[in-house]
Amino acid sequence: MVDVAGWVASLDAVVELISGRFARAEPRRRVGTYLRGLLAGLERKNGWTLAEHAGAVSPDGMQRLLRTADWDVDGVRDDLRGYVLDGLGDVESGGFVVDETGFIKKGVRSAGVRRQYTGTSGKIDNCQLGVFLAYASVKGRALIDRELYLPTSWTEDRERCERADVPEDVEFATKPQLGTAMLARAHTAGVLTPASWVTADEAYGQTPGFRDRLAQWEIPYVLATRNDDILTSPDRTRRPAKVLATIAGARDPDTGRDGWERRAIGPGAHGMRVYDWAAVALDAAGLPHGWGHWLLVCRQTEPAEGKTICELAFYRCAAPANTPLRELVRVAGARWAIEECFQTAKNEAGLDQYQVRSWRAWHAHITLAMLAAAYLAVTRATEHAHETEKGDPQPATAD
């Protein structure tokens with residue numbers, strides 16, 4: 001039987017965890033009803049539907065909770081991070097993933113909205129973009145931090161920012177800069193350590209400042225990059241990644257073996273994802289002492305119309321020099337964990353179903369939706385641990 005009472009109690013414990021961030025009893029009580037509404041089986045999860053679920057006659061209370069109520073939104077964000085690390089933390093497999101997702105919107109008044117590309121729709125759309133940080137381990141994965149991206153069309157128009165309640169000290173920051181800021185918070189909190197790792201897509205892997213900060217903190221990374229990224233070999237020769245890929249996979253004349261190694265990186269939509277991998281050393285200048293620097297290449301081959309299509313993906317990696325290829329491959333595969341986080345948070349916790357326009361309200365709703373989704377992830381991990389203890393293990397979530 002489903003332990004409904006236990007689930008209710010654990011959600012109450014989450015509300016109690018963040019209770020110190022509320023100065024008054026009313027918003028403290030309302031945040032509990034807001035979280036329960038986000039987790040309810042509602043078709044839509046916005047101010048009206050959440051209010052109706054709570055038995056209110058109007059959405060005013062829910063809107064006030066997000067817009068003006070006296071509570072520490074960023075403090076709840078920090079509590080969320082601690083909750084996830086306590087519930088899902090794992091020294092051997094744990095790491096952090098940075099990525100962005102879009103929120104399709106109508107009109108021009110929502111903070112940060114403009115026509116810009118988003119992977120959510122796969123095209124240029126009228127949307128807001130949020131940059132997120134996720135934590136992933138063999139126990140599960142969840143979003144732990146967020147930043148709203150403000151294009152220059154907003155930051156250069158202070159009147160527009162004022163109408164959306166954007167703080168005066170908020171200036172333009174690139175997505176990699178927002179990602180760095182979130183990682184800095186995790187580092188300051190002591191949860192981002194040299195025992196963990198960071199992975200992200202090519203928008204971050206192509207940014208020197210993002211890589212340099214991780215190296216400064218001695219945080220290993222596996223960051224996607226483009227095929228035309230010019231990389232420096234140990235002999236100081238500079239070549240594009242696509243040329244180095246031929247070196248990585250070249251056949252050894254002594255053994256007759258090529259450099260490719262076939263490895264699975266977890267289940268996908270069409271079964272286990274199995275690709276060929278190879279790595280070639282890069283110049284390690286500027287990295288911590290004793291570290292290695294590599295270009296990791298992933299080769300995916302698929303038959304199509306009587307021929308074989310070969311696609312390559314590239315990753316710039318930095319870690320202690322004794323790091324094996326299998327670990328770099330594991331981390332590269334774990335990057336997709338954040339896509340699952342977005343899907344869960346949007347489908348099950350209403351991450352993208354808000355009807356707010358202001359800077360503060362966006363961060364408030366997103367933080368609570370992340371917390372609701374994190375509750376689901378931690379609950380699943382706890383249930384799995386209990387089943388394992390009873391001798392009836394369920395399949396673990398693969399990275």
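**Close-up A. Helix α8 passes helix α10 in a right-handed crossing****.** The model shown here is predicted. Helix α8 spans residues 175-188, and helix α10 spans residues 208-217. Their axes lie 10 Å apart, at an angle of about 15°. Angles under 35 degrees count as roughly parallel. α8 and α10 are therefore roughly parallel to each other. From α8, the contact takes in Pro176, Gly179, Thr180, Leu183, Ala184 and His187. Phe210, Arg213, Leu214 and Trp217 come from α10. By class, the α8 and α10 contact has 6 nonpolar, 3 polar and 1 charged residues.

**Close-up B. Helix α2 packs against helix α14 at an angle of about 60°****.** Here α2 covers residues 25-39, while α14 covers residues 359-389. The two axes are 10 Å apart. The angle of about 60° makes α2 oblique to α14. The crossing of α2 and α14 is right-handed. On the α2 side, Val31, Tyr34, Leu35, Leu38 and Leu39 make the contact. They meet His365, Leu368, Ala369, Leu371, Ala372, Tyr375 and Leu376 in α14. By class, the contact of α2 with α14 counts 11 nonpolar residues, 1 polar residue and no charged residues.

**Close-up C. Helix α4 packs against helix α14 with axes 7 Å apart****.** The angle between α4 and α14 is about 100°. Angles of 65 to 115 degrees count as roughly perpendicular. α4 and α14 are therefore roughly perpendicular to each other. Leu65, Leu66 and Arg67 of α4 make the contact. Their partners in α14 are Arg360, Ala361, Ala364, His365 and Leu368. The contact of α4 with α14 has 5 nonpolar, 1 polar and 2 charged residues.

**Close-up D. The structure holds 1 cavity of 30 Å³ or more****.** The largest cavity has a volume of about 90 Å³. Its lining is made up of 14 residues. Asn46, Gly47, Gln63, Leu66 and Val356 lie nearest the centre of the largest cavity. The elements that give two or more residues to this lining are α3 (47-53) and α4 (60-67). By class, the lining has 8 nonpolar, 5 polar and 1 charged residues. Leu66 links this view to Close-up C, where Leu66 of α4 takes part in the contact with α14.

Definitions and conventions
Residues numbered from 1 in each chain as written. Predicted model: local features only at pLDDT ≥ 70, side-chain atom pairs only at ≥ 80, totals over all residues. Heavy atoms only, no water. 1 Å grid on protein atoms, 1.4 Å probe; cavity = no way out; pocket = protein on both sides within 12 Å on 5 of 7 lines; lining within 4 Å. Points joined across faces, edges and corners; volume = space filled by probe spheres on them. Helix = DSSP H or I, 4+ residues; strand = E, 2+ residues; numbered from the N terminus. Nonpolar A, V, L, I, M, F, W, Y, C, P; charged D, E, K, R; others polar. Axes fitted to C-alpha atoms, helices over the stretch in contact; angles between N-to-C directions. Parallel < 35°, antiparallel > 145°, perpendicular 65-115°, else oblique. Left-handed = near helix turned anticlockwise from the far one by under 90°. Contact = heavy atoms within 4.5 Å.
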